Amino acid sequence: MVRTISLKEIAQHNKPEDIWIIVDGVVYDLTEFAPQHPGGADIIYRYAGHDATQAYLEVHAPSLITSSLSPRNIIGPLDSSECKGRNNEQPPSVSTICVSKPPLNTLINAHDFVKVASTTLTPKTWAFYSSAATDLNTEKRNNSAYIDIGLRPRILKNVKIVDTSTTMLGQHMSVPIFCAPAAMARMVHPDGEKGLARGCKKMGIPQAISTNASYPIKEIFDSVATHGKYGDEEGELPIFFQLYVDKQREKSEALLRQVETLGVKAIFLTVDAPVPGKREADERIASDESISTPMSGAKAKNDSKGGALGRIMGSYIDSSVSWDDLPWLRRNTALPIVLKGVQTSMDAKKAMDLGIDGIVLSNHGGRSLDTAPAPILVLLELQKHCPEVFDKMEVYVDGGIMRGTDIFKALCLGAKSIGIGRGFLYALNYGEEGVRKFIEILKDELETTMRMVGITDLSQVHPGLLNTKAVDHLIPDGIEEHPYAKWRPKPRL
């Protein structure tokens, strides 16, 4: 008969030299493990002799503890008679927040999800996801640039039936939206990337998984392996994998082998964040040092600069990655390669010349470099200076998209589909159901826009449906040199 452990017995093991904790109804001896914990020993010491389930699940995949510990560290199950009314005097989670959310059916646009998230996510979670680089100019401009581009509706068209479906890297999608990669989704909801995956599969759109995801990618695949249809069709959820290249290249190589074996459809190499941007709202709130991510191995550690998760968990990223490393990436994967973070027509053309399969025009949601150009304006730059790229590779945009009209404008300028990051995380605040509702809202807005403009199929979009005169003067000349300033500093001797 298996011995069960009482709360009274567990409470006696509450010293650094003798630590027992409860996680999900199982008692573990972490005495030896605590000093080696990637997030530091302090968080384990805080929960010594107590139930750490809530704090653990906020930042870790449920399976991580069993895969990280030896069987000898498992003391046994908690006495079932004590599972109800557990010790409520456990140390509080650093991210506890108690604000009720309005019913999901009262949210009618993407802005509503943002508003709810701002008051119901923990202060640190909100700071991490909502923050952007320095003065936030680019983060704001990402959206306002769409507002400056007008629509030119055509009338008396038969728009009774419209079709929003398209493809992305050969993968069918019911609407030209993909869930862009974002780190540590469990900070928003316990289901994390699994909830995003289930919602995306139900609605028939692809998902991109971050290297810094809360769950191992195999668990995300497993979560949708038998979860109904892909949209209205039989099929699997197309999953793309976003790669941050590790300073220890062998780790990235192993990760690439793993994701290809699992069935990932493409590799998205992030190129707009060789180093983390300065996100001051995130820096101002200390991070929970128990946070770590299973695929990258990154861990949170506050320092004298602050507690920005993007910075303190990005120390493993190799800032030396250059164009010269693309052959290395080609050698290590047979999958299509997409460069995520192209911000000039010169780099778009270079990517095309090197045979890259696709590019995402992106500035990391305004989180990397303030005053970098809005992606929709880069899309115009490509149309002006290298329109041939649209025939040679697929072009996507992300950043600042809040409405169906924004999606429509990007499609008219040549984008194959659009990525949304923060919006999906805010929708995940309501779990899988929130993700589905978020997609439904944007799809409905896109359908309405198509009807109002006078088209019924995405093959009918074109730049003539837009008035871009308010931003045309902002499009650069598409050359390396400044149009008139020719100064250069003297070379160092």
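1. Leu156 lies in the loop that joins β5 (150–151) to β6 (166–168); strands (E, at least two residues) and helices (H or I, at least four) are DSSP runs numbered from the N terminus. The model is predicted, so local features need pLDDT of at least 70 and side-chain atom pairs count only at pLDDT 80 or more, while totals for chains, interfaces and linings use all residues. Residues are numbered from 1 along each chain as its sequence is written, and side-chain values use heavy atoms, with hydrogens and water left out.

2. Leu156 is exposed, its relative accessible area being 83% (exposed is over 50%, buried under 20%, partly exposed in between, with a 1.4 Å probe and protein chains only).

3. An open sheet of 4 strands runs in the order β1-β2-β3-β4 with antiparallel pairing, where a pair requires at least two DSSP bridges. Because β1 (14–15) and β4 (74–77) each have a single partner strand, they stand at the edges, and one side of each lacks a neighbour in the sheet. Within the sheet, β2 (18–23) and β3 (26–29) pair over 4 bridges, and Val23 stands opposite Val26 in β3.

4. Helices α8 (192–203) and α19 (431–453) pack at about 40°, their axes 8 Å apart; axes are lines fitted to C-alpha atoms over the stretch in contact, and angles run from 0 to 180 degrees between N-to-C directions. Residues in contact (heavy atoms within 4.5 Å) include Leu196 and Arg198 of α8 and Val435 and Ile439 of α19.
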